[in-house]
Amino acid sequence: MPLQTANWEPNKEMPVGKGATVQQFFTVLGKDRFEISVAPWGEGQLKVNGQEVARTAEAKDRRQAFTTLKQAAERYARGEPLEMSKNGKARLIPTVKAKLLDGKKGLVVGIANEQSIAWGCAAAFRAFGADLAVTYLNDKAKKHVDPLARALESPIVMPLDARVPGQMEAVFERITKEWGKLDFVVHSIAFAPQQALHGRVVDVPLDGFLTTMHVSCWTFLRMAQLAEPLMKKGGTLFTMTYYGSRTVVKNYNIMGVAKAALESAVRYVSAELGPKGIRVHAISPGPLATRAASGIPEFDKLLEKAKAKAPARSLVSIEDVGAATAFLAHDVARLITGDTIYIDGGYHVVD
Ligand SMILES: NC(=O)c1ccc[n+]([C@@H]2O[C@H](COP(=O)([O-])OP(=O)(O)OC[C@H]3O[C@@H](n4cnc5c(N)ncnc54)[C@H](O)[C@@H]3O)[C@@H](O)[C@H]2O)c1
């Protein structure tokens, strides 16, 4: 029987239908078991006998990803080469067996594009079944964020520039009105004006210092304050930090000072909100080539060093950060709080 007419069966152990995130289908041809996993935002993976043979990341939705991968499966069955096989650039699709965060509601702040750490987190949270509110910086950013918000099936998509008074409050008001609760917040934003970031720490002007601290640190405190009344049954607050907070990393400069303050804020907030069942984490990923990172001179060297020295001998991906962050939002992680959690292949213990 040619594969074209083969019947693709849904994997009954995984949720299907509306609201389901990653879906899986399989078929058997001769001795080979073909398996396709597809996510609503158009990522997908084809495995034959458990081995990945093709991926797609560019489809516009789940249906198109499935069609692309079905065609790849047909070519594979005919013995033809698969040009998109092992496409290193495609993101790993989060494949989940259970919707462990089903019913949870979260706010993700900091998605600028598909490279953003916040997007890696949002994709993982959604794969585990959480509903997400997302924000975009301004009209310019909106066109990049909108398709991602659609992929996440986000019911709340709002502008949030920390420097525009009232925007953060408006987001929390909408969440209060629509959900009346919040289970987690991902704060994944940072900013330093060029002049402040590129100069010596000792020379930083007051306005550059205040802007850096305002956007990169104070916003986390304010989000925690606004989230507190919505987390009546507990919750989890996340912020993104970097290793340059605890040691001098060339070119990280004033951002290192801001991250040190942020990590301290995490400790204090965890002590203050812990009795209410609210956990607080600073997530510290290894270097990732994102838009924010492109503002740091010689960032390539940081990547090379991280890869060469990290015990895991590997750079991290936004999917790695997303999966670990989603784990910390689950009840199984309920007694972990207040600390800086490194997702960096172990780099911080050797450098
Ligand atoms: N990329 C890395 O290597 C790395 C490593 C560790 C930690 N981090 C941290 O991760 C977080 C996310 O950065 P990223 O690397 O994903 O880059 P990114 O550029 O994708 O995200 C940065 C986000 O900050 C937002 N932002 C900037 N100014 C803002 C403001 N005034 N109001 C609201 N939002 C604002 C941007 O819109 C953007 O969405 C940052 O806190 C960053 O310091 C990054």
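This is a predicted model: local features need pLDDT of at least 70, side-chain atom pairs count only at pLDDT 80 or more; totals for chains, interfaces and linings use all residues.
Q: What makes Gly-345 count as buried or exposed?
A: Gly-345 has 20 other C-beta atoms within 10 Å. The cut-off for a buried residue is 20 or more, so Gly-345 is called buried.

Q: Where is Gly-345 found, and which residues is Gly-345 in contact with?
A: Gly-345 sits in the loop between β12 (340–343) and α10 (347–350). Neighbours within four places in sequence left aside, its contacts are Gly-286, Ala-310, Pro-311, Ala-312, Ser-314 and Val-316. Ala-292 is 53 residues away along the chain, and the C-alpha atoms of Gly-345 and Ala-292 are separated by 21 Å.

Q: What does Val-350 touch, and what is its place?
A: Val-350 belongs to helix α10. Residues up to four places away in sequence are not counted, and Val-350 then touches Lys-309 and Pro-311.

Q: Where does Thr-27 lie, and what is Thr-27 in contact with?
A: Thr-27 is part of strand β2 (residues 23–29). Apart from neighbours within four places in sequence, Thr-27 is in contact with Ala-6, Asn-7, Trp-8, Glu-9 and Phe-34. The C-alpha atoms of Thr-27 and Glu-263 are separated by 49 Å.

Q: Where does α6 bend, and by how much?
A: The bend is at His-214 and is about 45 degrees.

Q: Which residues of α6 are buried, and what covers them?
A: The buried residues of α6 are Thr-212, Ser-216, Cys-217, Thr-219, Phe-220, Met-223, Ala-224 and Ala-227. Their cover includes α4 (167–178), β9 (184–187), α5 (194–198), β10 (235–240) and α7.

Q: What makes the span of helix α3 close to the expected one?
A: Helix α3 (residues 139–151) has 13 residues, for which 18 Å is expected at 1.5 Å a residue. From first C-alpha to last, α3 reaches 19 Å, which is close to that value.

Q: Where does α3 bend, and what follows?
A: α3 bends by about 40 degrees at Val-145, and Pro-147 follows within four residues. Val-145 is also one of the buried residues of α3, with Leu-148, Ala-149 and Ala-151. The cover over these buried residues includes α2 (117–127), β7 (131–136) and β8 (156–159).

Q: What is said of the phi of Glu-153, and why is Glu-153 called partly exposed?
A: Glu-153 is not a glycine, yet its phi is positive, about 55 degrees. Glu-153 lies in the loop between α3 and β8. With 14 other C-beta atoms within 10 Å, Glu-153 falls between the cut-offs and is therefore partly exposed.

Q: Why does Asn-253 count as buried?
A: Asn-253 has 24 C-beta neighbours inside 10 Å. A residue is buried at 20 or more, so Asn-253 counts as buried. Asn-253 lies in helix α7 (residues 253–273), and its phi is positive, near 45 degrees.

Q: Which domains does the domain assignment give, and how far apart do their centres lie?
A: The assignment gives domain 1 (3–77) and domain 2 (105–350). Their C-alpha centres lie 32 Å apart. Contact between the two involves 6 residues of domain 1 and 8 residues of domain 2. The residues on the touching side of domain 1 are 4 nonpolar, 2 polar and no charged.

Q: Which residues come nearest to the ligand, and how does the shell divide by class?
A: Among the 28 residues around the ligand, Ser-116, Ala-190, Met-240, Thr-290 and Ala-292 come nearest. The shell has 19 nonpolar, 6 polar and 3 charged residues.

Definitions and conventions: Residues are numbered from 1 along each chain as its sequence is written. Helices (H or I, at least four residues) and strands (E, at least two) are DSSP runs, numbered from the N terminus. The expected span of a helix is 1.5 Å times one less than its number of residues. The bend at a residue is the angle between axes fitted to the seven residues ending there and the seven starting there. A residue is buried if 20 or more other C-beta atoms lie within 10 Å of its own, exposed if 12 or fewer, and partly exposed in between; C-beta atoms are placed from the backbone. Two residues are in contact if their C-beta atoms, placed from the backbone, lie within 7 Å. Domain bounds come from an automatic or database domain assignment. Ala, Val, Leu, Ile, Met, Phe, Trp, Tyr, Cys and Pro count as nonpolar, Asp, Glu, Lys and Arg as charged, and the others, Gly among them, as polar. A residue is near a molecule or strand if its C-beta atom, placed from the backbone, lies within 6 Å of it.
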